[in-house]
Amino acid sequence: MSVFEQMWERRNTRSMKWDRLTTVYGLEDASDILPMWVADMDFAAPDVVIDAIKKRLEHPVFGYASEFDDCRDALRNWLGDRYGWNTESDWMQFHQGVVPAIATIIETLTEEGDGVLITTPVYPPFFRIPLQQQRTVVESEMKERDGHYSIDFEDFEAKLKDNVKVFLLCHPHNPGGIVWQDEDLQEMLRLCAKYDVLVISDEIHADLVFPEYTHTPLGKIAGDEANRIITCVAPTKTFNLAGLQAAVTISPDPEIRKKLRDNAMARGQMEMNTFAAVAFKAAYEQGGPWLEELLETLSSNMDYVIRELPAAIPEIKINKPHATYLLWVDYRETGLSEKEMMDRLLTKGKVALEPGTKYGEAGRGFLRMNVAAPRSLIEEGVERFIRALQN
């Protein structure tokens, strides 16, 4: 049996996806709810990662971890081999996750009241982090047509003038699953350079791009503007290692790196823990074959949902994304409000998806659906969705 067909019991394992449904959805009892919400896969991590952790466990001393040059080399080779992006080891700084890294960058390099530009609908921490730090969130709503998104560059430029100091780029885009084309990236970068805006490029989904598309790291094509870009990457989304908390920021600018190091020292932030470092190295050095099989599984799961769900409910529209394991489901033609849709899914269908407005008002009328699970669970999820909207 393939690792991508095997079922794992995840309830009562401290799983956010499976064990926090009552809290997240305000339910008294979520024992019969199928979770298809948070971006967490129901697949076992690659054997090479598990074996590496087991080997480390043979040594019974778990002191402070250090000496991560081999991890930097593994990531540098991965980025060079897969994307043709030549980076340097000293550009890399470790963090406990991409979201904490983004929070640290904003705290370090901006002031209270500064504008942080985002393109909506977008990943919720892009709103939450700047607001929690008393920065001003500036939204540039993307153009949408039949569920397809593009940047409204006229609005984008206008918003850059609004005391914006940082542009938070979701690349590939979550929840839209967009792989940005080089010309779009170059125009974003040109405008940010024009208004002297720093770019944080969240590329955590970069490895989850389907073969028909190509991910281009923003730093690869930045040229003379490379120093205004801080790229955030991690093996956690790619290899389902989120609980190990490992990420890297990449910046060629030594002054930015020094400021981030100083902030980390001031906050008492450590680098990776022992097991995160072991998993990080193993994943980037040996995880390629597992990833290729994963992408085939995700593509097949998406094709199934896109075929079956609209066939049963013609008012539902779904476009296959370029990347990620997340479908952006358009239910606007059903005429249901978001509250009505969520009530039906949870109480009648017994399935948990994410409401579109979690990604900003621009997401109203959509749902985000996670299809990174064995096919049997995906089939059950589709059945539950259909049941929720019957009659």
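His171 is buried, at a relative accessible area of 0%; buried means under 20%, exposed over 50% and partly exposed in between, with a 1.4 Å probe and protein chains only. The model is predicted: local features need pLDDT of at least 70, side-chain atom pairs count only at pLDDT 80 or more, and totals for chains, interfaces and linings use all residues. Residues are numbered from 1 along each chain as its sequence is written, and side-chain values use heavy atoms, leaving out hydrogens and water.

**His171**

- His171 sits in the loop between β7 (164-170) and α8 (182-194). Helices (H or I, at least four residues) and strands (E, at least two) are DSSP runs, numbered from the N terminus.
- Its side chain reaches the backbone oxygen of Thr216 at 2.6 Å.
- Beyond residues up to four places away in sequence, His171 touches Trp180, Leu185, Ser201, Asp202, Glu203, His215, Thr216, Pro217 and Leu218. Contact means heavy atoms within 4.5 Å.

**Arg364**

- Arg364 lies in the loop between β14 (354-355) and β15 (366-370).
- Arg364 counts as partly exposed, at 44% relative accessibility.
- The side chains of Arg364 and Glu361 form a polar contact of 2.6 Å. Such a contact is a pair of N or O atoms within 3.5 Å; within protein, one must be able to donate a hydrogen and the other to accept it, and residues adjacent in sequence count only if both atoms are side-chain atoms.
- Leaving aside neighbours within four places in sequence, Arg364 is in contact with Arg332, Glu338, Gly356 and Thr357.
- Tyr331 is 33 residues from Arg364 along the chain, and their C-alpha atoms are separated by 9.4 Å.

**Cavities**

- The whole structure holds two cavities of 30 Å³ or more. On a 1 Å grid over the protein atoms alone, a cavity is a set of points where a 1.4 Å probe fits but cannot get out; a pocket is an open set with protein on both sides within 12 Å along at least five of seven lines; lining residues have an atom within 4 Å of a point.
- The largest cavity has a volume of about 80 Å³. Grid points are joined across faces, edges and corners, and a volume is the space filled by probe spheres set on the points.
- Its lining includes Glu203, His215 and Pro217, residues that His171 also touches.
- Helix α4 (residues 69-83) gives the largest share of that lining, four residues.
- The second largest cavity has about 30 Å³ of space. Among its lining residues are Lys17, Asp42, Asn370 and Ile378.
- β1 (34-35) and α14 (375-389) each supply at least two residues of this second lining.

**Largest pocket**

- The largest pocket has a volume of about 1,500 Å³.
- Its lining counts 49 residues; Met16, Ala39, Asp40, Ala242 and Gly243 lie nearest its centre.
- α3 (47-57), α5 (98-109), α6 (125-132) and α9 (236-239) each supply at least two lining residues.

**Nonpolar cores**

- The largest nonpolar core has 82 residues, and Val305 and Phe385 touch the most other members. A nonpolar core is a set of buried Ala, Val, Leu, Ile, Met, Phe, Trp, Tyr and Cys residues joined through side-chain atoms within 4.5 Å.
- Helix α12 (residues 288-312) supplies the largest share of this core, nine residues.
- Another core, of 27 residues, lies apart from it, with Leu160, Leu189, Cys192 and Trp328 among its members.
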